[in-house]
Amino acid sequence: MSGWERSAISIATFLPLVGAVVIAFVPKEKERAVRSLGILFTGAALAVAVAIAIGFDYGSGGGLQFELDTRWIPVIGARYHVGIDGISLPLYVLTFLLSFLCAVYTWRFVPEPGKTKAFLALQLLLETGMAGTFIAFDLVLFFIFWELVLVPMYFLIGIWGSANREYAAIKFFLYTLFGSVFMLLGFLGMYFRADPHTFDILKLQAVGSSGGFSHTFQLVAFAGVFLGFAIKVPMWPFHTWLPDAHTEAPTVGSVLLAGILLKMGTYGFVRIALPVLPYAAQKYAPWIGLLAAIAIVYAALACLAQRDLKRLIAFSSVGHMGFVMLGIATLTPIGINAAIFGMVAHGLITGMLFFCVGSVYDRYHTRQIADLGGGLMQKLPYLGGVFAFVAIASLGLPGLAGFWGEVMALLSSYNPAGVLNTGLFRGFMVAGGVGTVLTAGYFLWMLQRVNMGTVPEKWKEAALPDVLAVEWVSWVPLLIGIVALGVFPRIVFGVTDGAVRGLMHLFGG
Amino acid sequence: MTSPGFAKYAWVVAALPIASAGLTLFFGKRTPGRGWIYGVLTVGAGFVLSLLVLWHFVQGGGVYASSVDWFRVGPLRFEIGQYVDGLTAVMLIVVTTVSLCVHVYSIGYMHGDQRFTWFYVVLSIFTFAMLTVVVSDNLFQLLVGWEIMGICSYLLIGHWWEEHVNSSAAIKAFITTKTGDVPFLFGIFVLVVATGTTNIHQIGELVGAGDLSRGVVSAAALLLFGGAIGKSAQFPLHVWLPDAMQGPTPVSALIHAATMVAAGVYLVGRLFEVCVHADPWVLQVVGIVGGITALGAALLGLVQDDIKRVLAYSTISQLAYMVSLMSAGPAGRNAAFFHLFTHAFFKALLFLGSGAVIHAVHSNNMSEMGGLRKPMPITFWTFVIGSAALAGIPPLAGFWSKDELLASASKGHEVVFVVLLLTALVTAFYTTRMVMLTFFGEYRGHGHPHEAPASMTGPLVALAAGTVGVGFLGASFAHAVFFKWVFFEEPEAIRFVPWVAALSTGAALLGVLVGVAVYGRARERDPMLAMGPFTTLLVRKYFMDDLYMKGIVLPVRDKVSAFVYWTNQNVLDGIVNGAARLARWFSRGVNGFDRTVVDGAVNGVAQTAGFTGGLLRYLQSGNVQRYAALLFAGVVVLAVIFTRV
């Protein structure tokens, strides 16, 4: 194996960290240099990630590629084991893409109270944490990346957030930490129960699929990791940190939070919880499906009650992640493919929605739907047009990215894995179907109140700029992605399908 | 098998308009006409190509099917493909003809509109989506086209979104049809999972061969019919179509008369094997829905003042003719398709004619029209031709197809027959009322109405010619060639039945005569509005809008959502915040470090949520890190205990 193959994903993952350090040494006054470095490092990392995607062998099915497995902390048996497969790759590339676009956006938009240097350094640190989560194949390594993400996001919300930022930041930090404590408990259990003791995810998967874990243990351990992952997703009813975090976070914080952070939870289910604890997964799947179905309907209804645009989008995330979890709960190849597709699509679409809302706020200095008062498409036709397009993508229009994850999740729910109760899951499917109607309802109603109608008197004279060049640069890739994934779903399914089948094989499905 | 000829290129007809959409979007504003040119050219080319495709079948050519891989997920393969038979060819003709007419007509009608270019973009996307449905050989591709049509319908109904009433109508249309699309989607699931394929014709064969249980087939048929009910505006989901008239009139002609709303009927016909093999009661449901809608909508057409709403209810009613006949077996299906074909011509004609009138008088209301036959002769005569076809006067298109429908219903579907005959009478009457109020008597509006420009009258004349001509394709003395093209076999005996023809012509004439008698002279008050409770019932649309709005939409939007959000803030979040308060109280009394390990963990759990009040202090004091450290210490020890269990 060439040195490139052994080191590529590590290079991409840690380049942002290097960037963060470099930026730390640049004097504060050199704003331009700081911003350029942010773009440079995220851009370089993205370039490496793209090179990895190009070098990826798509025909190989499930196996790990770009793998590196080496000594790390021998005393506890933790190894530096990283690699990438069809399940990781889409999320991995998405991480670098969104981080880069956020750095570009930061070129022009640094929220109060400024401090560009710290703002960008934290973004870069965050990027390393997120990317690392998707390539770690050692539980300790996974956990470190997982926790690494918390700190920069905590500060991004706590320092650059809006009015109620401290509450939101602490809530985000402690709630997710609360979950990860139980997750860690589950990990430690796996380690001690495996014989020989190991933190290696692939080895644990082998143990799990060969029935090496007792049923009782699986049920307990699953409950632990479930809590960690479910809070991160977030699944109903553990979602209440999310609307607060989103509402208060700065724009790029929201984009990365919705775009990547939430996927760490769903990814954890697919990568760890299901294959390592297959018996428990089957036992818990109906409950997960139930929570997912509730999330879809509940979030859609809650969206209808929102008066704050950003909070509305935040709640919509809960619903969309409900579809992802519903797919996972079916324990079928279609469902899990749907889940990964849904994660990527949600990353593009909801990331884009938060960009739009951020730009609306930048112009109007309010996010209250009633204050905006309509007429956005008259006042700012391009911003309004992009917003409408993305909202329509988010409600699941075929031909755009949001459709396939949703519809395949529903399809898998019609026909879940053999061990599951088909009637029950068809009930979830019906709930999901009702959810799609409600989702269309709240998005179209939102557009009616924000985009349509005439410009209210108070905004008539205001000189508000339409979409700026830097915004186009950071949005166009997402807009293209939304169309491309909708028209060519193979872009994602072609990558994930082999790996998912390999995983299901392990899982005995 | 004969060579595929031009049938091979049916997909090109569908692909052309999407190219036009892209060109118009990015370059349209720079062209001399602000963007109509691409749409007119591509749809025009598509029309010519459609004629060549049809020619293949006129010559007796065979079916052509081809597909390419789209993507795979788990065990399922998805393809993009085309299935081209006589029905496809005829549908291509219908869609491209009407779309071309509307593209040309809109040059004049939408002239000066501030979003002229955008209008043409969406028109092209819509045409693409409808043609995608028509050529599709599989259910998912069909679904994609189906839903894109829905969003185009939304965008075009709400084209003038400055007005709240327009955007509301657009939302209503989208949500109502989406309500039907959900069962439709589930119906697709049922078939795809049961057969393992998405290909419509493989599914048809498997169902035909009896590979699927009757229960599965019945469920699929019923669910798919849900989609047809929504898209084709059938009871009880018909309520969106009259409101959809808020859109520009060319849109009403294309989407809400000739093509999209017919897609539901097309779907039922395409998946006819599924319907035929379902339990008989499923077909009865189809027949009942069709029957109720046909008569119910026709009656609503009696009291409308808005000329487009008359036409909208008439569209619902005519679509219901087709739907109800889907329950009458293969002969009924053939007749229904023939009616779909002829209806597209005369209803598009009527809508475009009404558009010319609206363009001239700047109002949709017939109470502000009257006497327009003199200033608008071309519009008048073409409108009369369309109206006569709608009323079912021989020898126009509507007569032949309606006659086929009634003839096939007369054999064994007596109830349907009677309802449809009654509907024919009502149809003739409200059509006459519309013509009389619009074109006869004194002009009651403002200004001086004038004839429409050539870009608008041209399509009117073209569609009028079609309205006169296409009916003969299905006439038995012309060997009913339509049915040979469409089904490649001797049509199942729908012969010309003299007594049926006499009855239906009699009903039509009676309706016209009564209409002329009632509206032949000026009246203070429209007699239709003086029928007491019956009028109220009709004016209030059987109270269905009220029921939906006050019974479902508003409560969900305002009350249920508020309650749900309340539970979110006070129950779910309340538990979180409550745990925090408890933890703070607990930790004040207990010095965390002194306690046993298990207590420490419990404490930590509680403190995790410790974030009410005095939050800034937490952030600044570094307590977060201390709690985190505490938590981890507890966890590690707990883990050890736990693994020894």
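This is a predicted model: local features need pLDDT of at least 70, side-chain atom pairs count only at pLDDT 80 or more; totals for chains, interfaces and linings use all residues.
Chain A comes up first, with a pair of helices. Helix 5 (residues 139-160) of chain A packs against helix 10 (residues 251-276) of chain A at an angle of about 155°, and their axes sit 12 Å apart. That angle makes helix 5 of chain A roughly antiparallel to helix 10 of chain A, since angles over 145 degrees count that way. On the helix 5 side, the residues involved are A:Trp146, A:Val149, A:Met153, A:Leu156, A:Ile157 and A:Trp160, and they meet A:Gly253, A:Leu257, A:Leu261 and A:Met264 of helix 10 of chain A. Sorted by class, this contact of helix 5 with helix 10 of chain A comes out at nine nonpolar residues, one polar and no charged ones.

Over in chain B, helix 6 (residues 164-195) and helix 8 (residues 214-231) have axes that come within 7 Å and cross at roughly 155°. Helix 6 and helix 8 of chain B are therefore roughly antiparallel to each other, and their crossing is left-handed. Helix 6 of chain B brings a run of residues to this contact, including B:Thr176, B:Gly180, B:Asp181, B:Phe184, B:Gly187 and B:Leu191. Helix 8 of chain B answers with residues among them B:Val216, B:Ala220, B:Leu223, B:Gly227 and B:Lys231.

Now for where the chains meet. Here 55 residues of chain A are in contact with 52 residues of chain B. On the chain A side, the elements giving two or more residues are helix 6 (165-193), helix 11 (278-304), helix 13 (333-364), helix 17 (402-414), helix 18 (422-450) and helix 21 (490-507). Helix 6 of chain A gives the most, with 17 residues. By class, the side of chain A that touches chain B holds 36 nonpolar, 14 polar and five charged residues.

Leaving out residues up to four places away in sequence, B:Ala348 touches B:Val98, B:Cys101, B:Ala253, B:Ala257, B:Ala258 and B:Leu463.

Terms used:
Residues are numbered from 1 along each chain as its sequence is written. Chains are lettered from A and ligands numbered from 1 in the order in which they are written. Axes are lines fitted to C-alpha atoms, for helices over the stretch in contact, and angles run from 0 to 180 degrees between N-to-C directions. Helices (H or I, at least four residues) and strands (E, at least two) are DSSP runs, numbered from the N terminus. Angles under 35 degrees count as roughly parallel, over 145 as roughly antiparallel, 65 to 115 as roughly perpendicular and the rest as oblique. Two residues are in contact if their C-beta atoms, placed from the backbone, lie within 7 Å. Ala, Val, Leu, Ile, Met, Phe, Trp, Tyr, Cys and Pro count as nonpolar, Asp, Glu, Lys and Arg as charged, and the others, Gly among them, as polar. A crossing is left-handed if the near helix is turned anticlockwise from the far one by less than a right angle, and right-handed if clockwise.
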